[in-house]
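Please look through the sequence and the model shown here, and then read the report that follows alongside them.

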Amino acid sequence: MGVTGARVRAVLGARTPGPVGRWPEGPGGDGLRAEYARRFGTEPEGLWHAPGRLALMGEHTAASGGAALFVALPWGVTVAVGTDPEGSTHIAAPSGPLSDRHPSTRAVARSVADARESGRLGADRGIRVLIGSDLPEHASLGHSAAVGAAVSLALADLTGADRPTGATVDEGVVLAARAGHAVRVNLASARTTVLPFDLAGAGMRLVVLETGQLPRRDPRPVRAAELARAQDVLGPLRAVQDLPGTLRRLQNPVLRHRVEYAVTEVHRLNAAVGLLRAGRAAETGPILSASHLSLRRFDLPLPAVELAVETAARAGARGARLSGWAGTAFALVAEERVAGLESEVRKAFLARGWPPPRVRAALPSEGARRGA
(Lines give C-alpha, C1' and ligand atoms only; values in the text may rest on other atoms or scores of the structure.)
Protein backbone atom coordinates (compact mmCIF):
# COMPACT_ATOMS: atom_id res chain seq x y z
CA MET A 1 0.00 0.00 0.00
CA GLY A 2 2.89 2.34 0.56
CA VAL A 3 5.17 4.04 -1.91
CA THR A 4 8.78 3.04 -1.46
CA GLY A 5 12.15 3.05 -3.17
CA ALA A 6 12.36 4.62 -6.61
CA ARG A 7 8.68 5.54 -6.62
CA VAL A 8 9.03 8.03 -3.76
CA ARG A 9 10.67 10.76 -5.81
CA ALA A 10 8.16 10.42 -8.64
CA VAL A 11 5.19 10.58 -6.32
CA LEU A 12 6.55 13.51 -4.32
CA GLY A 13 7.25 15.45 -7.46
CA ALA A 14 4.07 14.62 -9.34
CA ARG A 15 1.24 14.38 -6.84
CA THR A 16 1.49 17.35 -4.52
CA PRO A 17 -2.13 18.26 -3.78
CA GLY A 18 -3.62 21.71 -3.94
CA PRO A 19 -6.83 23.42 -2.91
CA VAL A 20 -10.04 23.40 -4.90
CA GLY A 21 -9.56 27.07 -5.76
CA ARG A 22 -8.34 30.34 -4.35
CA TRP A 23 -9.99 33.71 -4.49
CA PRO A 24 -8.61 37.25 -4.46
CA GLU A 25 -8.01 38.52 -0.95
CA GLY A 26 -10.30 41.30 0.16
CA PRO A 27 -12.03 42.59 3.25
CA GLY A 28 -15.09 40.57 4.12
CA GLY A 29 -14.50 38.04 1.34
CA ASP A 30 -15.08 40.60 -1.41
CA GLY A 31 -13.21 38.48 -3.94
CA LEU A 32 -15.42 35.45 -3.41
CA ARG A 33 -18.56 37.59 -3.44
CA ALA A 34 -17.53 39.21 -6.71
CA GLU A 35 -16.79 35.85 -8.33
CA TYR A 36 -20.14 34.49 -7.17
CA ALA A 37 -21.96 37.50 -8.69
CA ARG A 38 -20.05 37.13 -11.94
CA ARG A 39 -20.78 33.42 -12.20
CA PHE A 40 -24.42 33.33 -11.04
CA GLY A 41 -25.61 36.84 -11.90
CA THR A 42 -26.69 37.67 -8.37
CA GLU A 43 -25.17 38.37 -4.96
CA PRO A 44 -24.74 35.46 -2.50
CA GLU A 45 -26.89 35.47 0.61
CA GLY A 46 -23.82 35.12 2.77
CA LEU A 47 -20.38 33.63 3.31
CA TRP A 48 -19.66 30.73 5.65
CA HIS A 49 -16.28 29.41 6.72
CA ALA A 50 -15.25 26.00 8.04
CA PRO A 51 -11.69 25.16 9.05
CA GLY A 52 -9.60 22.18 8.18
CA ARG A 53 -9.07 19.75 11.03
CA LEU A 54 -5.90 18.05 12.18
CA ALA A 55 -6.15 14.53 13.59
CA LEU A 56 -3.92 14.40 16.67
CA MET A 57 -4.48 10.69 17.40
CA GLY A 58 -7.02 7.87 17.34
CA GLU A 59 -8.41 8.49 13.86
CA HIS A 60 -7.36 5.04 12.63
CA THR A 61 -9.54 3.24 15.20
CA ALA A 62 -12.91 4.03 13.59
CA ALA A 63 -13.42 0.43 12.44
CA SER A 64 -13.03 -0.84 16.03
CA GLY A 65 -15.35 1.76 17.55
CA GLY A 66 -12.59 3.87 19.08
CA ALA A 67 -12.26 7.58 19.71
CA ALA A 68 -10.10 10.30 18.17
CA LEU A 69 -8.73 13.70 19.08
CA PHE A 70 -8.81 16.63 16.64
CA VAL A 71 -8.15 20.36 16.49
CA ALA A 72 -9.42 22.93 13.98
CA LEU A 73 -6.82 24.68 11.82
CA PRO A 74 -6.47 28.39 10.98
CA TRP A 75 -7.01 27.65 7.28
CA GLY A 76 -9.94 25.99 5.58
CA VAL A 77 -12.85 26.51 3.19
CA THR A 78 -15.11 29.52 2.64
CA VAL A 79 -18.34 29.14 0.68
CA ALA A 80 -20.54 31.80 -0.86
CA VAL A 81 -24.10 30.46 -0.87
CA GLY A 82 -27.44 31.57 -2.22
CA THR A 83 -30.72 29.88 -3.00
CA ASP A 84 -31.71 28.83 -6.51
CA PRO A 85 -35.30 29.73 -7.48
CA GLU A 86 -35.55 26.78 -9.88
CA GLY A 87 -34.74 24.18 -7.23
CA SER A 88 -31.40 23.14 -8.73
CA THR A 89 -28.03 22.78 -7.02
CA HIS A 90 -25.01 24.42 -8.66
CA ILE A 91 -21.50 23.93 -7.29
CA ALA A 92 -18.38 25.68 -8.54
CA ALA A 93 -14.90 26.79 -7.60
CA PRO A 94 -13.26 29.98 -8.92
CA SER A 95 -11.67 27.78 -11.59
CA GLY A 96 -15.05 26.56 -12.86
CA PRO A 97 -17.94 24.13 -12.18
CA LEU A 98 -17.14 20.95 -10.27
CA SER A 99 -18.03 17.53 -11.60
CA ASP A 100 -20.59 15.28 -9.93
CA ARG A 101 -17.76 12.98 -8.82
CA HIS A 102 -15.67 15.68 -7.18
CA PRO A 103 -15.37 15.16 -3.39
CA SER A 104 -16.60 18.70 -2.75
CA THR A 105 -19.69 18.07 -4.87
CA ARG A 106 -20.45 14.93 -2.90
CA ALA A 107 -19.99 16.82 0.38
CA VAL A 108 -22.45 19.51 -0.72
CA ALA A 109 -24.89 16.82 -1.88
CA ARG A 110 -24.76 15.16 1.56
CA SER A 111 -25.50 18.46 3.27
CA VAL A 112 -28.40 19.19 0.92
CA ALA A 113 -29.82 15.68 1.34
CA ASP A 114 -29.55 15.96 5.12
CA ALA A 115 -31.35 19.33 5.05
CA ARG A 116 -34.12 17.91 2.85
CA GLU A 117 -34.53 14.80 4.99
CA SER A 118 -34.86 16.90 8.14
CA GLY A 119 -37.39 19.18 6.47
CA ARG A 120 -35.16 22.24 6.65
CA LEU A 121 -34.94 22.51 2.86
CA GLY A 122 -37.95 21.92 0.68
CA ALA A 123 -37.74 19.88 -2.50
CA ASP A 124 -38.53 23.00 -4.54
CA ARG A 125 -35.56 24.94 -3.17
CA GLY A 126 -32.04 24.62 -4.54
CA ILE A 127 -28.76 26.32 -3.77
CA ARG A 128 -25.79 27.83 -5.54
CA VAL A 129 -22.40 27.29 -3.92
CA LEU A 130 -19.03 28.81 -4.79
CA ILE A 131 -16.13 27.20 -2.90
CA GLY A 132 -12.87 28.97 -2.11
CA SER A 133 -10.10 27.27 -0.16
CA ASP A 134 -6.56 27.50 1.14
CA LEU A 135 -6.71 23.87 2.28
CA PRO A 136 -5.22 21.01 0.21
CA GLU A 137 -7.73 18.40 -0.89
CA HIS A 138 -5.72 15.22 -0.42
CA ALA A 139 -3.64 15.86 2.70
CA SER A 140 -5.93 14.27 5.32
CA LEU A 141 -6.79 17.73 6.67
CA GLY A 142 -10.55 17.43 6.25
CA HIS A 143 -11.19 19.38 3.04
CA SER A 144 -14.46 17.60 2.23
CA ALA A 145 -15.60 17.83 5.85
CA ALA A 146 -14.96 21.58 5.79
CA VAL A 147 -17.04 21.97 2.63
CA GLY A 148 -19.88 19.92 4.11
CA ALA A 149 -19.82 21.75 7.44
CA ALA A 150 -19.77 25.19 5.82
CA VAL A 151 -22.71 24.33 3.56
CA SER A 152 -24.65 22.69 6.40
CA LEU A 153 -24.21 25.81 8.50
CA ALA A 154 -25.27 27.98 5.56
CA LEU A 155 -28.43 25.92 5.04
CA ALA A 156 -29.27 26.12 8.74
CA ASP A 157 -28.88 29.91 8.72
CA LEU A 158 -30.82 30.38 5.49
CA THR A 159 -33.72 28.22 6.67
CA GLY A 160 -33.83 29.48 10.26
CA ALA A 161 -32.98 26.07 11.67
CA ASP A 162 -30.87 25.16 14.68
CA ARG A 163 -27.13 24.84 14.28
CA PRO A 164 -26.45 21.53 12.49
CA THR A 165 -24.44 18.68 13.98
CA GLY A 166 -22.87 17.60 10.67
CA ALA A 167 -23.66 14.79 8.26
CA THR A 168 -20.38 12.97 9.05
CA VAL A 169 -18.12 12.55 12.09
CA ASP A 170 -15.54 14.93 10.60
CA GLU A 171 -18.18 17.59 9.94
CA GLY A 172 -19.36 17.28 13.53
CA VAL A 173 -15.80 17.89 14.72
CA VAL A 174 -15.45 21.01 12.56
CA LEU A 175 -18.77 22.39 13.82
CA ALA A 176 -17.92 21.70 17.48
CA ALA A 177 -14.36 23.06 17.43
CA ARG A 178 -13.33 26.11 19.46
CA ALA A 179 -10.17 28.20 19.57
CA GLY A 180 -7.70 26.96 22.17
CA HIS A 181 -9.46 23.61 22.44
CA ALA A 182 -9.34 20.07 21.08
CA VAL A 183 -12.34 17.91 20.21
CA ARG A 184 -12.58 14.31 21.34
CA VAL A 185 -15.06 12.38 19.21
CA ASN A 186 -16.46 8.91 19.72
CA LEU A 187 -16.06 7.42 16.26
CA ALA A 188 -19.01 5.06 16.74
CA SER A 189 -21.61 7.44 18.18
CA ALA A 190 -20.16 10.73 16.81
CA ARG A 191 -20.54 12.28 20.28
CA THR A 192 -18.06 15.13 20.78
CA THR A 193 -16.39 16.54 23.89
CA VAL A 194 -14.52 19.85 23.78
CA LEU A 195 -11.33 19.89 25.87
CA PRO A 196 -8.89 22.70 26.75
CA PHE A 197 -5.77 22.69 24.55
CA ASP A 198 -4.16 26.06 25.25
CA LEU A 199 -0.97 25.87 23.24
CA ALA A 200 -0.66 29.65 23.02
CA GLY A 201 -0.58 29.92 26.79
CA ALA A 202 2.05 27.19 26.92
CA GLY A 203 4.22 28.86 24.26
CA MET A 204 3.72 25.93 21.89
CA ARG A 205 2.66 25.49 18.28
CA LEU A 206 1.45 22.66 16.07
CA VAL A 207 3.63 22.59 12.97
CA VAL A 208 1.84 20.92 10.06
CA LEU A 209 4.11 19.27 7.47
CA GLU A 210 2.35 18.52 4.18
CA THR A 211 4.68 16.28 2.17
CA GLY A 212 2.26 15.69 -0.70
CA GLN A 213 3.05 11.97 -0.74
CA LEU A 214 0.04 9.73 -1.31
CA PRO A 215 -0.39 5.96 -1.03
CA ARG A 216 -0.97 4.05 -4.24
CA ARG A 217 -4.45 3.18 -3.01
CA ASP A 218 -6.61 4.12 -0.08
CA PRO A 219 -5.62 1.79 2.80
CA ARG A 220 -8.78 2.38 4.85
CA PRO A 221 -11.00 -0.39 3.39
CA VAL A 222 -8.28 -3.00 3.92
CA ARG A 223 -7.57 -1.89 7.50
CA ALA A 224 -11.30 -1.86 8.32
CA ALA A 225 -11.65 -5.40 6.94
CA GLU A 226 -8.67 -6.60 8.99
CA LEU A 227 -10.09 -5.18 12.21
CA ALA A 228 -13.49 -6.68 11.40
CA ARG A 229 -11.88 -10.12 10.96
CA ALA A 230 -10.10 -9.74 14.28
CA GLN A 231 -13.30 -8.74 16.05
CA ASP A 232 -15.09 -11.76 14.58
CA VAL A 233 -12.66 -13.85 16.65
CA LEU A 234 -12.14 -11.62 19.69
CA GLY A 235 -15.33 -9.63 20.05
CA PRO A 236 -15.28 -5.82 20.43
CA LEU A 237 -11.71 -4.57 20.72
CA ARG A 238 -12.78 -1.72 23.01
CA ALA A 239 -13.57 -4.39 25.65
CA VAL A 240 -10.08 -5.99 25.60
CA GLN A 241 -8.48 -6.06 29.06
CA ASP A 242 -5.74 -8.70 28.69
CA LEU A 243 -3.88 -7.66 25.54
CA PRO A 244 -1.13 -10.37 25.58
CA GLY A 245 -3.72 -13.09 26.12
CA THR A 246 -5.95 -11.63 23.43
CA LEU A 247 -3.12 -11.51 20.89
CA ARG A 248 -2.34 -15.21 21.53
CA ARG A 249 -5.83 -16.06 20.29
CA LEU A 250 -4.98 -14.75 16.81
CA GLN A 251 -3.01 -17.00 14.45
CA ASN A 252 -2.47 -14.33 11.81
CA PRO A 253 0.53 -12.07 12.67
CA VAL A 254 -0.88 -9.20 10.58
CA LEU A 255 -4.10 -9.22 12.57
CA ARG A 256 -2.11 -9.31 15.81
CA HIS A 257 -0.30 -6.15 14.74
CA ARG A 258 -3.56 -4.41 13.86
CA VAL A 259 -5.18 -5.34 17.15
CA GLU A 260 -2.12 -4.30 19.16
CA TYR A 261 -2.27 -0.85 17.62
CA ALA A 262 -6.05 -0.41 17.99
CA VAL A 263 -6.12 -1.47 21.65
CA THR A 264 -3.06 0.46 22.81
CA GLU A 265 -4.14 3.61 20.96
CA VAL A 266 -7.24 3.77 23.17
CA HIS A 267 -5.03 3.91 26.26
CA ARG A 268 -2.76 6.53 24.74
CA LEU A 269 -5.73 8.70 23.81
CA ASN A 270 -7.17 8.40 27.32
CA ALA A 271 -3.81 9.49 28.74
CA ALA A 272 -3.72 12.50 26.41
CA VAL A 273 -7.27 13.47 27.35
CA GLY A 274 -6.31 13.30 31.03
CA LEU A 275 -3.46 15.74 30.45
CA LEU A 276 -5.72 18.11 28.53
CA ARG A 277 -8.31 18.08 31.30
CA ALA A 278 -5.52 18.94 33.75
CA GLY A 279 -4.36 21.88 31.61
CA ARG A 280 -1.06 20.18 30.72
CA ALA A 281 -1.24 20.37 26.92
CA ALA A 282 2.52 20.80 26.50
CA GLU A 283 3.09 17.38 28.10
CA THR A 284 1.22 15.43 25.41
CA GLY A 285 4.25 15.28 23.10
CA PRO A 286 5.61 11.87 24.18
CA ILE A 287 2.15 10.35 23.79
CA LEU A 288 1.90 11.69 20.24
CA SER A 289 5.31 10.23 19.38
CA ALA A 290 4.36 6.87 20.92
CA SER A 291 1.20 6.87 18.81
CA HIS A 292 3.27 7.46 15.68
CA LEU A 293 5.62 4.60 16.49
CA SER A 294 2.66 2.31 17.12
CA LEU A 295 1.24 3.14 13.68
CA ARG A 296 3.97 0.97 12.20
CA ARG A 297 1.88 -1.91 13.52
CA PHE A 298 -0.80 -0.55 11.21
CA ASP A 299 1.58 -0.57 8.23
CA LEU A 300 1.74 3.21 8.26
CA PRO A 301 3.15 5.80 7.58
CA LEU A 302 4.72 6.58 4.21
CA PRO A 303 8.48 7.22 3.80
CA ALA A 304 8.18 11.01 3.44
CA VAL A 305 6.14 11.21 6.63
CA GLU A 306 8.72 9.10 8.49
CA LEU A 307 11.45 11.50 7.37
CA ALA A 308 9.41 14.53 8.45
CA VAL A 309 8.65 13.03 11.88
CA GLU A 310 12.21 11.85 12.54
CA THR A 311 13.67 15.21 11.48
CA ALA A 312 11.18 17.12 13.62
CA ALA A 313 12.15 15.03 16.65
CA ARG A 314 15.85 15.74 16.08
CA ALA A 315 15.03 19.45 15.72
CA GLY A 316 13.56 19.61 19.21
CA ALA A 317 9.87 18.80 18.77
CA ARG A 318 8.14 17.65 21.97
CA GLY A 319 6.30 15.06 19.87
CA ALA A 320 5.52 14.29 16.24
CA ARG A 321 3.12 12.02 14.40
CA LEU A 322 1.42 11.11 11.14
CA SER A 323 -2.00 12.73 10.78
CA GLY A 324 -4.65 10.86 8.83
CA TRP A 325 -3.93 8.39 6.05
CA ALA A 326 -1.81 10.24 3.51
CA GLY A 327 1.33 12.37 3.51
CA THR A 328 0.81 14.82 6.35
CA ALA A 329 2.69 14.90 9.65
CA PHE A 330 2.64 17.36 12.51
CA ALA A 331 4.90 18.25 15.41
CA LEU A 332 4.28 19.81 18.80
CA VAL A 333 6.98 22.46 19.06
CA ALA A 334 7.99 25.34 21.32
CA GLU A 335 7.25 28.59 19.50
CA GLU A 336 10.90 29.65 19.41
CA ARG A 337 11.90 26.39 17.70
CA VAL A 338 9.46 26.58 14.78
CA ALA A 339 11.80 28.34 12.34
CA GLY A 340 14.68 26.00 13.12
CA LEU A 341 12.49 22.94 12.69
CA GLU A 342 11.28 24.15 9.31
CA SER A 343 14.88 24.70 8.20
CA GLU A 344 15.98 21.24 9.32
CA VAL A 345 13.06 19.53 7.60
CA ARG A 346 13.76 21.40 4.40
CA LYS A 347 17.43 20.37 4.47
CA ALA A 348 16.57 16.73 5.17
CA PHE A 349 14.22 16.52 2.19
CA LEU A 350 16.58 18.28 -0.19
CA ALA A 351 19.35 15.89 0.88
CA ARG A 352 17.14 13.01 -0.33
CA GLY A 353 16.35 14.82 -3.58
CA TRP A 354 12.71 15.26 -2.52
CA PRO A 355 10.67 18.47 -2.68
CA PRO A 356 10.42 19.94 0.84
CA PRO A 357 7.05 19.78 2.56
CA ARG A 358 4.78 22.75 2.94
CA VAL A 359 5.26 23.84 6.55
CA ARG A 360 2.68 25.89 8.47
CA ALA A 361 2.48 26.62 12.19
CA ALA A 362 -0.94 26.63 13.80
CA LEU A 363 -2.86 27.07 17.02
CA PRO A 364 -6.17 25.27 17.71
CA SER A 365 -8.71 27.48 15.99
CA GLU A 366 -12.40 28.34 15.77
CA GLY A 367 -14.88 25.95 14.21
CA ALA A 368 -17.36 26.62 11.40
CA ARG A 369 -18.98 30.05 11.46
CA ARG A 370 -20.72 32.65 9.34
CA GLY A 371 -18.36 35.09 7.62
CA ALA A 372 -18.63 38.81 7.15
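How many bridges join E1 to strand E12, and do the two run parallel or antiparallel? Strand E1 is joined to strand E12 (residues 369-370) by 2 bridges, and the two run antiparallel; within this pairing, His 49 stands opposite Arg 369. Helices (H or I, at least four residues) and strands (E, at least two) are DSSP runs, numbered from the N terminus, and two strands pair if DSSP finds at least two bridges between them.

The model is a predicted one, in which local features need pLDDT of at least 70 and side-chain atom pairs count only at pLDDT 80 or more, while totals for chains, interfaces and linings use all residues. Residues are numbered from 1 along each chain as its sequence is written, and side-chain values use heavy atoms, with hydrogens and water left out.

**Strands and sheet**

E1 (residues 46-57) is largely enclosed by the rest of the structure, because 12 of its 12 residues are buried, where buried means under 20% relative accessible area with a 1.4 Å probe and protein chains only.

| Strands | Bridges | Sense |
|---|---|---|
| E1 and E2 (residues 67-84) | 10 bridges | antiparallel |
| E9 and E10 (residues 328-334) | 4 bridges | antiparallel |

An open sheet is formed by 4 strands in the order E9-E10-E8-E11, with antiparallel pairing. Its edge strands are E9 (319-322) and E11 (358-362), each of which pairs on one side only. Helix H9 (residues 285-294) packs on the sheet and touches E9 and E10, contact meaning heavy atoms within 4.5 Å.

**A buried serine**

Ser 111 belongs to helix H3, which covers residues 103-117. This serine counts as buried because its relative accessibility is 1%. Leaving aside neighbours within four places in sequence, Ser 111 is in contact with several residues, including Gly 148, Val 151 and Glu 171.

**Helices around the largest pocket**

H6 gives the most, with 4 residues. A pocket is an open set of points on a 1 Å grid over the protein atoms alone, where a 1.4 Å probe fits, with protein on both sides within 12 Å along at least five of seven lines; lining residues have an atom within 4 Å of a point. The largest pocket is lined by 38 residues, and among those nearest its centre are Arg 53 and Trp 325.

Methods:
Buried < 20%, exposed > 50% of the residue type's maximum accessible area, 1.4 Å probe, protein only. Axes fitted to C-alpha atoms, helices over the stretch in contact; angles between N-to-C directions.
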